[in-house]
Amino acid sequence: MSSEPEVAGPAAGDAAGNTEHTLRSRLDQALSGPFVGMVPWIILGIFEGPGRTQWAVLVGLLFAIGFLALDRAQGRSLKLLNAVGALYFLILLIVVFTVSDQAVDWLEIWLGEISNISLTVIVLGSMAIRLPFTLQYAREQTARELWDNPVFLRINYVISGVWALAFLISSAAGFYGDYVLGDNNNLWTGWIIQTGAMLVAIEFTAWYPDFARAHAVARAGGTPDEPAPPVSELVAPLTVWFVPIGIVSLVADAAPMWLGIAFIAVGVVLFRVLRRDVKKERGPAGDGP
């Protein structure tokens, strides 16, 4: 009995320490992953608009410089996306603060498409020079002897290609809204489609490496340590977004009421069905939160 407090004390300390370590690990992983390079562009996409473009560009530049400094302070390599992004935002800042008001008005209409096309070119260019932009991030989390592994390289080419496709879809959606519909604030072309493309790329980035590695081992005649994650594991988190899409479309009156309700219903049903399939295919491992 008297020993219980002595046991409970260290155990509680260990639990708190483990939780803190987990949070720090997740934060470090987030700050060292490819998504962090997208943050300045996302800030620009969300906040640019009439009367806000100059300040959105300035904030985006500050974030881009901040992430460059953070990489160097933590001893990480200079990332192509971060470096090109900082240069892009610096040039853009000079432009938006020096051109005429008419030119700024034009930029406020087309800046989203310009940025998405620029990102597409950056990603495709990185693949063309055989340095897909995700590779620099992946190398920092992978043993050096695996850097030239064909599976490792193929994973990064595929993921980079998916990001390029997401940016291209966002460019096309924005162009359709601005040029064809003549509506710079169209909810579907300006927000839902573009956000959806980014979410697919984010989920694919997390899902595909385990899938590709497991299939590579199986093709070589071996048995993977973990089974390949099912496709339902990729799709299930995406169906959650059907619900807010339906709610936003109803609130903003951006679609018929039946369509908004259908999005909500389909999102709830698909998520439950796909989550059940994930648990079934994963077995006990799929019973987590």
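Figure 1. A search of the whole structure, a predicted model, finds one cavity of 30 Å³ or more. About 40 Å³ of space lies inside the largest cavity. Its lining is made up of Val36, Gly37, Pro40, Trp41, Ala64, Phe67, Leu81, Asn82 and Gly85. H4 has the largest share, three residues. By class, the lining of the largest cavity holds six nonpolar and three polar residues, and no charged ones.

**Figure 2. The second largest pocket.** The volume of the second largest pocket is about 730 Å³. It is lined by 35 residues. Closest to the centre of the pocket are Gly45, Ile46, Gly190, Trp191 and Gln194. Helices H2 (39-47), H5 (101-128), H7 (150-180) and H8 (187-219) each give two or more residues to the lining. Which helix gives the most to this lining? H8 does, with eight residues. Sorted by class, the lining of the second largest pocket has 15 nonpolar, 15 polar and five charged residues.

**Figure 3. Ile202 on helix H8.** Ile202 sits in helix H8, the helix that gives the most residues to the lining of the second largest pocket. Is Ile202 buried, partly exposed or exposed? Its relative accessible area is 30%, so Ile202 is partly exposed. The cut-offs matter here: buried means under 20%, and exposed means over 50%. Leaving aside neighbours within four places in sequence, Ile202 is in contact with Phe35 and Trp163. Ile159 is 43 residues away from Ile202 in sequence. In space, the C-alpha atoms of Ile202 and Ile159 are 9.4 Å apart.

**Figure 4. Thr134 in helix H6.** Thr134 belongs to helix H6, which spans residues 133-139. Its relative accessibility is 5%, so Thr134 counts as buried. What does Thr134 touch, apart from residues up to four places away in sequence? The list is Pro34, Asn156, Ile159 and Ser160. Ile159, a contact of Thr134, is also the residue whose C-alpha lies 9.4 Å from that of Ile202.

**Figure 5. Arg130 in the loop between H5 and H6.** Arg130 is found in the loop that joins H5 and H6. Its relative accessibility is 71%, so Arg130 counts as exposed. The backbone of Arg130 has a positive phi of about 65°, although the residue is not a glycine. Most residues other than glycine have a negative phi.

**Figure 6. Helix H10 and the residue that follows.** H10 covers residues 242-251. Which residues of H10 are buried? They are Ile245, Gly246 and Ser249. Viewed down the axis of H10, these buried residues fall within an arc of 100°, so they line one face of the helix. An α-helix has 3.6 residues a turn, so residues three or four places apart point the same way. Asp253 follows H10 and has a positive phi, near 55°.

**Figure 7. Confidence along the chain.** The mean pLDDT of the chain is 82. A value of 70 or more is reached by 84% of its residues. Among the elements, H7 has the highest mean pLDDT, 94. Helix H1 (residues 4-31) has the lowest, 45. Over residues 1-26 the pLDDT is below 50. Beyond near neighbours in sequence, this stretch has zero contacts in the model. Residues 285-289 also have pLDDT below 50. Beyond near neighbours in sequence, residues 285-289 have four contacts in the model.

**Figure 8. The whole fold, for orientation.** The chain has eleven helices and zero strands. Of its 289 residues, 36% are buried. Residues 24 or more positions apart account for 69% of the contacts with a separation of 6 or more.

Definitions and conventions
Residues are numbered from 1 along each chain as its sequence is written. This is a predicted model: local features need pLDDT of at least 70, side-chain atom pairs count only at pLDDT 80 or more; totals for chains, interfaces and linings use all residues. Side-chain values use heavy atoms; hydrogens and water are left out. Buried means under 20% relative accessible area, exposed over 50%, partly exposed in between (1.4 Å probe, protein chains only). Helices (H or I, at least four residues) and strands (E, at least two) are DSSP runs, numbered from the N terminus. The arc is that of the directions from the helix axis to the C-beta atoms. On a 1 Å grid over the protein atoms alone, a cavity is a set of points where a 1.4 Å probe fits but cannot get out, and a pocket is an open set with protein on both sides within 12 Å along at least five of seven lines; lining residues have an atom within 4 Å of a point. Grid points are joined across faces, edges and corners, and a volume is the space filled by probe spheres set on the points. Ala, Val, Leu, Ile, Met, Phe, Trp, Tyr, Cys and Pro count as nonpolar, Asp, Glu, Lys and Arg as charged, and the others, Gly among them, as polar. pLDDT is the predictor's confidence in each residue, from 0 to 100. Contact means heavy atoms within 4.5 Å.
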